[in-house]
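Biologist: I have a new model open and want to learn to read it. Can we start with how strands pair?

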Amino acid sequence: MTQSQPYPVEISAPDIASYRKGNTGIDYITTLDSGRLGPHVMVAALVHGNELCGPITLDFLLRNEVRPLRGKLTLGFLNVAAFATFDPGKPEASRWVDEDFNRVWDAAVLDGPRDSVELRRAREIRPVIDQVDFLLDLHSMQHPTAPLMLCGPTAKGRRFARTLGCPEYVMSDAGHAAGRRLRDYGAFADEGSPKNALLVECGQHWEKKSVEVAREITLRFLLSLDMIKRDFALRFLPAAPSAPQKVIQVTAPVTIKTQAFRFAQPFLGLEVVAQAGTVIGWDGEEEICTPYDNCVMVMPSRRLFPGQTAVRFGRFID
């Protein structure tokens, strides 16, 4: 471990080469069709190439030959170009190739003139995403923080997250100034559409526990939609979620303006700052203060560059 890489790599990247061909005509995308009426459900991994719990979970489903009881189930390894560069000695370096794959999911960007490795892959898989009714996007985090479900800004997203019963913390937010997430693409973010999506942060990128969380959330997600056999899922699930869910409403992200952003203390995430007006950092010479009492610090970042989200301010809601 180094100062820039403070956490150990406890898990190994799976070999996904055998899944390259898939069956959709798009590399690393496999759709399993039950032949019965039902929704099109997708579990996505590797939006970021250094997040290992997602591909390990898809590998688990494919190795166990999980098949949908109804509708279709698509399993997708997404930013495989970034994942191909993963090096446990420099695990942060493979997050993306040219740009963040989880900031390009806006129609204007996808249809526009920009080009990058990530945009080419997003455009390639977009026809599949357009068909999906329910999406689970598996992620992990920079710091060893409690798992966190991101359900978007809509009431339907919050309701969907509650049907899973876990993880303990659910975050409702509108995303980032730097670009739109896959979870917020198209009808997923439309309150009037039946389509829905969840993004789960399963723990620190390379801790063993993140794999257990990713598998549990995925199985509960598929069970909630009646997609898989209950007896199979129960072989790998705890008897019940460990704690009642708590919902955090994000009121604003702190978007970095200068090259000189720094935090007042080493926040890891989910700290509750008791008093409004508390200085939590500086952006150049500007003080960054909590906007209200009992402000929750959500997913503070170590990637402190202009245009990126430094942290999100939130409050617990019913």
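Biologist: How many bridges pair β5 with β6, and in which sense?

Modeller: Strands of a sheet pair through backbone hydrogen bonds, either parallel or antiparallel. Here strand β5 (residues 148-150) and strand β6 (residues 169-172) are parallel, with 3 bridges. M149 has V170 in β6 as its bridge partner. Two strands count as paired if DSSP finds at least two bridges between them. Strands (E, at least two residues) and helices (H or I, at least four) are DSSP runs, numbered from the N terminus.

Biologist: What should I know about the model and its numbering?

Modeller: The model is predicted, so local features need pLDDT of at least 70 and side-chain atom pairs count only at pLDDT 80 or more, while totals for chains, interfaces and linings use all residues. Residues are numbered from 1 along each chain as its sequence is written, and side-chain values use heavy atoms, with hydrogens and water left out.

Biologist: Which strand does V247 belong to, and what stands opposite?

Modeller: V247 is in β8, and V170 stands opposite. β6 and β8 run parallel, joined by 4 bridges. Next take β8 and β14: they run antiparallel, with 8 bridges. There V250 has G314 of β14 as its bridge partner.

Biologist: What is the strand order of the open sheet of 11 strands?

Modeller: The order is β1-β3-β2-β4-β7-β5-β6-β8-β14-β13-β10, and the pairing is mixed. β1 (29-33) and β10 (272-273) are the edge strands, each pairing on one side only.

Biologist: Which strands does helix α4 touch?

Modeller: Contact means heavy atoms within 4.5 Å. Helix α4 (residues 117-129) packs on this sheet and touches β1, β2 (40-45) and β3 (72-77). Its direction makes about 5° with that of β1. For such angles, axes are lines fitted to C-alpha atoms, for helices over the stretch in contact, and values run from 0 to 180 degrees between N-to-C directions. Helix α5 (residues 155-164) packs on the sheet too, touching β4 (134-141), β5, β6, β7 (196-204) and β8 (246-255). The angle between α5 and β7 is about 55°.

Biologist: Which strands make up the open sheet of 3 strands?

Modeller: Its order is β9-β11-β12, with antiparallel pairing. The edges are β9 (261-263) and β12 (286-289). The twist averages 25° from one strand to the next. β9 and β11 (residues 279-283) share 3 bridges, and F263 is partnered with G281 in β11.

Biologist: How many salt bridges are there?

Modeller: A salt bridge is a side-chain nitrogen of Lys or Arg within 4 Å of a carboxyl oxygen of Asp or Glu. The count is 19. One of them joins E92 to R302, with the closest N and O atoms 3.1 Å apart. E92 lies in the loop between α2 (80-83) and α3 (107-110), and R302 in the loop between β13 (295-298) and β14 (309-317), so the pair ties together parts 210 residues apart in sequence.
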